[in-house]
Amino acid sequence: MTLLRKTLAIVAAALLSLAGVTLSIAGPPTAAAAGVDVPGGVAPPGGVVAPGGVVPPAGTWADDPPKPKKLFTIRDKRVDESSGLAKSQKYEGVWWTVNDSGDTARVFGVNSEGKVKAVLTFKAPVRDVEAIAVDRQGTIYIGDIGDNRSSRDFIAVYTIPEPDRLEDQQVKYHRYDFEYPDGAHNAETLLVQPETRRLYFVTKVKSGKAAFYSAPAEPSRAGVNRLTRMADAPSGITDGTFLPDGRRLVLRSYVDIATLSWGPKPKVQARAAVPLAQGESVAAGPSSSSVVVGSEGVNSVVYQVQVPTKKAGATASPSPNAATDGGNANHNLRWILVGAGAFALLIAFITFPAGRRERDDAMIEQQRVLDQDQRKRSTV
């Protein structure tokens, strides 16, 4: 009898907790239609929530693009925390990458087979390298911009030239220091506008508003350059890149990529889900309509993904019929689950004495908490 009660209690707790998350599975919450920030996550298609993102405005999900294409796997043990990718301007089929904090000042040139063809080292005291970019002239920008504790007085960007030979070598560098106008921030995204070569940074926050910051048009190497806050940015951004036309850019989070129109206030045009991993990088792809995305960790897989474009006929908010139909279906399913859970609880309470009921109630609560923790971990 004790086993039966435990089984009923667990079934009831599971059904009731499932009813509580039915809305996020069946469709986005009402706030999504307005693009409201949701602390702790991004809601990609399917309602999965991941750390540090936002629920996108309805109508911004892309047309069904081709499935992500696996390009290569970086199997070199030296590249164990790839935290950025940048397409080479000088060498076809080569991307530059850097490791996250803890590594020395070096850049890896990886070809389309995932092999490291060159390691460029430079004698600089890097702290937390998080981003890399390459401009049209073949200058590589290394963003030492990470600041998880938001405690740095200034951040640094190092520039080195793409080498004349694709081989291991030590190179000279230039350093530019920057400070935010409103205190220290963590950032993992460095953007270089193709036409002007101006630098932009996107801060990374777990919740609330992140921001775009612009560097001076001609930063100085003599002192600390003051950044200017441009506009709000999506939260949870781990990397970004301008597209070749210079009029659009792509930002990525742990679970999706977003195409934005460029301007004083960059605006999201479309989003698309990407393969789930510790998504840390995005760069221009083999074609002008694609990007590549990568992740941290050993044996990092790099995928080619179509640049998302807005669905044909998509609007800023869902149609009334779609909202009504989805809401009714979701409402009915939720009450079915609630009813099933309540029935199981009723049977359990009728069947067993009050003393044992109180002890087992504590078990139910414990199981509910465990279930909630499991769901949170499964969405990361």
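**Reading a predicted model, feature by feature**

Mentor: Let us start with one residue. Tyr173 has 30% relative accessibility, so it counts as partly exposed. The cut-offs explain this: buried means under 20%, and exposed means over 50%. Keep in mind that this model is predicted.

Trainee: Is Tyr158 buried or exposed?

Mentor: Tyr158 is at 0% relative accessibility, so it counts as buried.

Trainee: How many aromatic pairs does the structure hold?

Mentor: Ten. Tyr158 and Tyr173 form an edge-to-face pair, because their ring planes stand at 70°, with the centres 5.6 Å apart.

Trainee: Which parts does that pair tie together?

Mentor: Tyr158 sits in strand β8 (residues 155-161), while Tyr173 sits in the loop between β9 and β10 (174-179), so the pair ties together parts 15 residues apart in sequence. Look also for a cluster: ring pairs link Tyr200, Phe212, Phe242 and Trp262.

Trainee: Now sheets. How do strands of a sheet pair?

Mentor: Through backbone hydrogen bonds, in a parallel or an antiparallel way. Here is a case. Five strands make an open sheet with mixed pairing, in the order β2-β3-β4-β5-β9.

Trainee: Which strands stand at the edges?

Mentor: β2 (82-87) and β9 (169-170). Each has a single partner strand, so one side of each is left without a neighbour in the sheet.

Trainee: How many bridges join β2 to β3?

Mentor: Four, and the two strands run antiparallel; β3 covers residues 94-99. Find Lys87, then look opposite for Trp95 in β3.

Trainee: What do β11 and β12 form?

Mentor: A hairpin, with six residues between the strands. In the turn, Arg197 has a positive phi of about 65°. β11 pairs with β12 (residues 199-203) in the antiparallel sense, over five bridges. Thr189 has Val202 in β12 as its bridge partner.

Trainee: How many residues of β11 are buried?

Mentor: Six of six, so "mostly covered" describes β11 (residues 187-192) by the cut-off of under 20% for buried.

Methods: Residues numbered from 1 in each chain as written. Predicted model: local features only at pLDDT ≥ 70, side-chain atom pairs only at ≥ 80, totals over all residues. Heavy atoms only, no water. Pairing = 2+ DSSP bridges. Phe/Tyr/Trp six-rings, centres within 6.5 Å; stacked < 30°, edge-to-face > 60°. Buried < 20%, exposed > 50% of the residue type's maximum accessible area, 1.4 Å probe, protein only.
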